[in-house]
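Biologist: I'd like to learn how to read a structure like this one. Could you walk me through it, feature by feature?

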Amino acid sequence: MQWTDRIRQVKIILVAAAVIIAVASLVISNFLVKDLYVEEHKKMEIWAEAMRSFNMADENTDIGLVLKVIDENQTIPIVVMDNHGQALAYRNIESFGKDYADSLRNVAKTGKELMEAGRFIKIAVGEVDGKTEYQYVCFDDSLMIKRLSRWPYIQLGIVLIFVVIAIFALLTSKRAEQNKVWVGLSKETAHQLGTPISSLMAWTEILKETYPDDTLLPEMDKDVRRLQLITDRFSKIGSMPELVSESLNDVLERVADYMRRRTSQKVAIYTNLPEGEIRVNINAALFEWVIENLCKNAVDAMEGSGRVTLTAEETAEKVYVDVTDTGKGIRKKDINNVFRPGFTTKKRGWGLGLSLARRIVEEYHHGRIRVKWSEPGQGTTFRIELKKDKG
C-alpha cells in the first residue's frame with residue numbers, strides 16, 4: 001500500500017507541475033502577445049500616416065522619410081483597400097498571379113476578411129467631386145506574434161509528453177523490481193521446499209511398506225503430493241510455462257473438490273459447467289492456483305458462511321470462467337486497485353494473491369482477468385477470459 005500511495009503521489013506531483021508550467025506559459029505568453037500587438041498597432045498607425053502623406057504628396061513634398069517608413073515594414077502583413085473593396089497594394093503576403101494586377105485580385109479576399117475582423121486603419125487620401133476619398137490599411141499579426149501565441153500549446157504538449165514518459169518509466173521500473181522480487185522469492189521458496197518434500201515422500205513410501213493397511217497414509221500421501229504441486233508452481237514463476245490442451249471442466253472440478261475439503265461446511269462450493277467438454281490451452285498447475293486464490297478470497301470475504309460458484313461457458317472465440325461469491329463485496333473505489341501488488345483489505349495479508357493471479361492469466365496464458373460485478377453486502381464475480389482451443 002505504501003508503494004502504491006507513493007506512486008500516486010508522484011503522479012499527482014508530475015501532473016500538478018505540468019499544469020503549473022502550462023498555465024504560467026499561457027499567462028506570460030498572453031501578456032507578451034498583447035504588448036507586441038499594441039506595439040505593432042502603433043507601427044501600423046505610423047505606416048498608415050506615411051501612406052496618407054505619400055498619397056497626398058505634391059512636387060514640393062519631400063517623400064524620402066515617408067518611403068523609408070513604408071519600406072521598413074518587413075514583417076507585418078498589409079493590404080491597402082479602397083472604398084469599393086479593391087486591393088490597391090500589399091506587403092509581406094504571399095500571393096500568386098500572372099502579374100501584379102492578378103495578385104491584387106487574389107489578396108483582395110484577405111483584405112476583406114481583415115476588414116470584417118476590424119483589423120484596419122481608415123485614412124483620408126483626398127477629395128473627389130466634393131466627397132472625401134478613403135483608403136483602408138488592413139493588417140494581420142506578424143509571424144513573430146503568431147509563433148509566440150502557438151508556443152505555449154507546443155510547450156504544453158512537450159510537458160505532457162514528458163509527464164507520460166516519466167510515469168511510464170516509473171511504472172516500468174516498479175514492475176521490473178516487482179518481477180525480480182517475485183521471481184527470486186518463488187525460486188528460493190521452491191528450492192527450500194524441495195529437500196524436505198523429497199524426504200517426506202521417501203518416509204511416506206517406507207511407512208506404506210511398514211504399515212500397508214494404515215488408513216491415514218493415503219491422506220498423508222495426498223498432502224505430500226500437494227506440497228510437491230505447490231513447489232512446482234513456485235518453480236514455474238519467472239519462466240514461460242508450457243501450455244497444454246486441458247479439459248476446463250476437469251480443472252474446475254478438481255479445484256472445487258479441493259476447496260470443499262479445506263473449508264467449513266457452512267461454505268458451499270458449486271460448479272456450473274456445460275455438459276460438453278471445454279478445452280483450453282493452459283498450464284493446469286498454475287491455472288488451478290489462480291482459481292484457488294479466487295476461491296480463498298471468496299471464502300475470506302464471506303467470513304465462514306456462504307456460497308461460491310464456479311461457472312464456465314464458451315463462445316466461438318473465447319472461454320469464460322466466473323468465480324462468484326455471496327460475500328461482502330468490493331467498494332467501487334477499490335475495484336480498480338484490487339490487482340495492484342500490496343493492495344489488501346484484510347488485517348493480515350501481503351496483497352499479492354490477485355496480483356499473482358493476473359500475472360498468470362495475462363502474461364502466461366495471454367488472457368484477461370477482471371471484476372465483472374460487485375455490490376457491497378451482496379457479493380462479487382471475478383471473470384477470466386481465455387482464447388478457445390481451436391484444436
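**Reading a helix and its surroundings**

Modeller: Let's start with H3, a helix of 17 residues that reaches 24 Å from its first C-alpha to its last, close to the 24 Å expected at 1.5 Å a residue. The expected span is 1.5 Å times one less than the number of residues. Helices (H or I, at least four residues) and strands (E, at least two) are DSSP runs, numbered from the N terminus. Please keep in mind that this is a predicted model: local features need pLDDT of at least 70, side-chain atom pairs count only at pLDDT 80 or more, and totals for chains, interfaces and linings use all residues. Residues are numbered from 1 along each chain as its sequence is written, and side-chain values use heavy atoms, leaving out hydrogens and water.

Biologist: Where is the kink in H3 centred?

Modeller: A bend at a residue is the angle between axes fitted to the seven residues ending there and the seven starting there. In H3 the kink is about 30 degrees and is centred on valine 107.

Biologist: Which residues of H3 are buried, and what do they pack against?

Modeller: Buried means under 20% relative accessible area, exposed means over 50%, and partly exposed lies in between (1.4 Å probe, protein chains only). The buried residues of H3 are Asp102, Ser103, Leu104, Val107, Ala108, Gly111 and Leu114. They pack against strand S1 (78–81), S2 and strand S4 (131–139), where contact means heavy atoms within 4.5 Å.

Biologist: What follows H3?

Modeller: Glycine 118 does, with a positive phi near 80 degrees.

Biologist: Which residue has a positive phi although it is not a glycine?

Modeller: Asparagine 92 is one, at about 60 degrees. Asparagine 92 sits in the loop between strand S2 (87–91) and helix H3 (100–116), and is partly exposed, with a relative accessible area of 32%. Histidine 366 also has a positive phi, of about 55 degrees, and lies in the loop between helix H8 (353–364) and strand S10 (368–375).

Biologist: How many helices and strands does the protein chain have?

Modeller: Eight helices and 11 strands. Of its 391 residues, 37% are buried. Among contacts with a separation of 6 or more, 65% are between residues 24 or more positions apart.
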